[in-house]
Structure formats: C-alpha cells, structure tokens
Amino acid sequence: MKRTNTFAVRPLSETGEQLLRDLLDASAALWNEVNYQRLMRYNDEDGFEGDVWDADTGRLEGKYKGVLGASTAQQVIRKNNEAWRGFFENKKACHDASNASVTEHPEPPGFRGNEDDGRQLKTVIRNTSYTVEWGDRSRLEILVGSELKDRYDHTGRLRLEIAGNPNWPDYEKQGRLDLWYDETDSTFRASQPVTVSDETRATPLASEKAALDIGANNLVACTTTTGEQYLYEGRELFHRFRETTREIARLQSKLPDGRYSSEHIRRLYHKRTRRRDHAQEALCRDLLERLYEEGVDTVYIGGLTDVLETHWLVETNAKTHNFWSFKKFTERLACTAEEYGISVEVRSEAWTSQECPQCGSTDRTTRHQDTLTCPCGFKGHADLTASETFLERQTEQSARPMARPVRFEWDDHNWSGISHPHESPKEQRTDPSTVHRNGNIVSSES
Ligand SMILES: [Zn+2]
C-alpha cells in the first residue's frame, strides 16, 4: 500500500535555516525558469522555438546543479514536466463533453512566486538523496549542492530535526520527498510517500455496516448498524470557500484584457484547495477510526443530496461541486478505509433524501435548512434521517435504536465533537414537544 508521512522539520541552527531557505528558493527559481521557457512556447511567443517539450532544460539543470545538487535539479524539472502533462490531460478531458470530472477550465502550470515579491519556498528530493531516521530524536538529512556547502562552510548532508511521530514509521521503501515552507504557520514541512507492507492493514472487528450521506451543508451524515450517528458540519468551511471564490472572481474582474490569471489568484486557488483537502483528509481519518471501533466492515456512500437540491444549485451554482469534490473525497475515503480493512461501496441508484422514514412519503415532505418535516407528524434532522434510510435500504434491516448523534466541527486542525445532552433522534421522531429544540441542534447558524 502507498501511504504518506507528513511532518514538520526544524533546522538545527540559523545557518542551517539560511541554507535550507536558499535551497528552497533556488528550487523555486529553477521551477520558474523551466516554466517560463515552456509557457512562452505554449503561447507561441516570438523567439521561442518548438513546443513546450523543446525547452532546453539541460542548460537549466547545469545552471542550478551547483546549488541544488544534480539529483534535486533533475527532480524539480521532472515535477514541472508532470505538471505540464497533467495540464494537457485536463485540457483534453475538459474538451471531452462526456467527461464531467473537470469542471474548471484548466490553466497552464503557474509560477512559484517571483524574485520581487518572494518565491514560494519549495523543493522535491529524490528518494536516494535523503534519509529519515525515526526514534526519540527523529531526523531528516538531505543532499545539498556543493556551492551551497561552500557558501555556508557546511559539510555532508543538511540535518533537520523532525517534530512529532509519523503515521507510518515502518515501510519497505520511500518515494520522492516534498519539502516546503508553510507561510500560514511559519513552519518547514515535508511529505514522504512510503510503501508499506499489506500486513500492516487492520482486520475489521465485526461485520457492521455504515451509510454516509454526503453534502456541502453537512459534509457527512453517518448512521451505523450499531446505532451510532455522526454529523460533520461543513457550513464554516463552505462559507470560507465561497468567500475565497468571490475574492478570486473580484480579482479576475480587475485583470487587464487578455489576462486570465495572476500569481495572487493562483495562490488563492491553492489556499482554497489546500484548506479543503486538509479538512477532508482529517475527516476521513476521524470517521474511519470511529467506524473501525464500531466493528464496521462496509461503508455505503450515497451522493451529494443537499448539493443537488435546487436551493443549493441556485445559490451556489456548480461551484458547490468543486467545493466538496465528491470524486476526490470518495477516493480519499476508500484509500483510508483500506488501512482499516473496511470496504467502501458507492451506491448511485436513485433514491431521495426527502423520504419520510415514518410513512415512506417522498412528495409530501418538506425540507427547511436541516429539518425534514412530514404531514404524518415526522420531524427530524434531514441528513441524519437520509443516512439512516439509506442504511436500512442497503442492509434491508430496520436500524437499531439510535444513540445521541455526535456532531463535529472543523477548527482548522481537528474535527472536534460537540456534545448535546438533550439530543436524541428517537425523541425527535416521537415526541413533538422536543422537536423544535432538536430541529435546531445541528443548525447552529441562524
Ligand atoms: Zn411521513
């Protein structure tokens, strides 16, 4: 199985930090030079012969290998190749009307900042050009070019201290290391892809099932056959996503004619995506750990119910799709589930999140924000109800009595649970006097 260790690293001295910054900055400069040569050719600018693959990367490798070391210079160029190949593939998919996975118009690979405003400090290191040692004092050692060694009077590889413990300390081999400076919290970070043996995979503890309802409002509503319900709130994340999207639109409207993007816009896109990915990844792990503890061996995923509902489409347009990126999320979930030995099944057959669990009606129910109501007297949390109905349908069993739902909110680092002592979905269903309060439990936004 392929996995990734991500960790923060710290230089051991000020000189070490300066050396590292120079290395990352030179990597960004090399990236920019290669990218410039390719972009000019892509745009058919005068004086640039051939297509993007005709750029003379050998000359640039020669120029930078003194600082970076030959292997790192090659890796940076290779990574730029991959970015361009990815761009051409996306472009092809975008022009293919039958492929709905690409919704944004693809743009050529961007630059990593510029000399005046500062470059994005980032590099990539070949698997044989770094070593990681895990233990009480975990450390990373990376290869640096001879010019940098001379500049700082340094010998050997550059040693960095690793903070924290890895998810995957035991692996068969390591891949190419990404190393960058994270401006948002002034920390150097690295991600190390590793191949771990299949034996490290867990075995499910029982054969319970879980069903997920995915949305933008509530990212995931989950019901298990053991009677647990979890709700991961997306409002705050979605709100911020939308704000960034608006800011991008505003900046785009101010671009001069003939220009479609800028460094600032690219950074905003990047930030927006990174924030969502981070939350998604943490959600998958949090949820699957819980499901594993519950003895779940199969997870059913139903799709994007509230996203596809009219009010969402009107308000947010297809951008909602980009926000949650359903396909990417299911891939991520399946990948994390694999570690726990849990299988993921996507069920796309038509069913409605508007179905009343009490009388089965679909056309008489109404949904207002998070609450589903039916003239038969039913009132409950719409997404949790949907995941419960979905689970019953998949397992062909009626669900066990439900425990109090646990609600999670994203605080930029973790999904933290919020307890609601009076919460009980069964009460919601049977006792109208608790309905109003329960109807509000998960709709904290007024
Ligand atoms: Zn009903």
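Q: What share of the contacts in the protein chain with a separation of 6 or more comes from residues 24 or more positions apart?
A: Contact means heavy atoms within 4.5 Å. Here, residues 24 or more positions apart account for 68% of the contacts with a separation of 6 or more. This is a predicted model: local features need pLDDT of at least 70, side-chain atom pairs count only at pLDDT 80 or more, and totals for chains, interfaces and linings use all residues. Residues are numbered from 1 along each chain as its sequence is written, and side-chain values use heavy atoms, with hydrogens and water left out.

Q: How many helices and strands does the protein chain have?
A: Helices (H or I, at least four residues) and strands (E, at least two) are DSSP runs, numbered from the N terminus. The protein chain has 13 helices and 20 strands.

Q: What percentage of the residues in the protein chain is buried?
A: Buried means under 20% relative accessible area, exposed over 50%, and partly exposed in between (1.4 Å probe, protein chains only). Of the 446 residues, 49% are buried.

Q: Which residues are the protein donors of the zinc ion?
A: Donors are N, O and S atoms within 2.8 Å of the metal (3.2 Å for Na, K and Ca); water is not among the atoms, so sites may look incomplete. In this model the SG atoms of C356, C359, C374 and C376 lie 2.3 Å from the zinc ion. Their spacing along the chain is C-x2-C-x14-C-x1-C. C359 and C376 link distant parts of the chain, 17 residues apart. C359 sits in the loop between strand 15 (343–346) and strand 16 (366–368), and C376 in the loop between strand 17 (371–373) and strand 18 (379–381). C359 is partly exposed because its relative accessibility is 38%. C376 is also partly exposed, at 31%.

Q: Why is the arrangement around the zinc ion tetrahedral?
A: Ideal angles at a metal are 109.5 degrees for four tetrahedral donors. Four donors count as tetrahedral if all angles lie between 85 and 135 degrees. The four donor atoms here subtend angles of 105 to 115°, so the arrangement is tetrahedral.

Q: At what angle do the axes of helix 1 and helix 2 cross?
A: Axes are lines fitted to C-alpha atoms, for helices over the stretch in contact, and angles run from 0 to 180 degrees between N-to-C directions. The axes of helix 1 (residues 14–42) and helix 2 (residues 57–68) come within 10 Å and cross at roughly 175°. That makes the two helices roughly antiparallel (over 145 degrees). Among the residues making the contact are L23, A26 and L30 of helix 1, and L60, Y64 and V67 of helix 2.

Q: Which residues does A28 touch, not counting those up to four places away in sequence?
A: A28 touches R112, R119, Q120 and K122. A28 is in helix 1. Its relative accessible area is 0%, so A28 is buried. The C-alpha atoms of A28 and R112 are separated by 5.7 Å, though the two are 84 residues apart along the chain.

Q: Is Q75 buried or exposed?
A: Q75 is buried, because its relative accessibility is 4%. Q75 lies in helix 3 (residues 70–95). Beyond residues up to four places away in sequence, Q75 touches V124, I125, R126 and R176.

Q: Where does D44, with its positive phi, lie?
A: Most residues other than glycine have a negative phi. D44 is not a glycine, yet its phi is about 55°. D44 lies in the loop between helix 1 and helix 2. At 64% relative accessibility, D44 is exposed. Q369 is not a glycine, and has a positive phi of about 50°. Q369 lies in the loop between strand 16 and strand 17.

Technical notes:
Four donors count as tetrahedral if all angles lie between 85 and 135 degrees; four count as square planar and six as octahedral if opposite donors are over 155 degrees apart and all others between 65 and 115; anything else is irregular. Angles under 35 degrees count as roughly parallel, over 145 as roughly antiparallel, 65 to 115 as roughly perpendicular and the rest as oblique.
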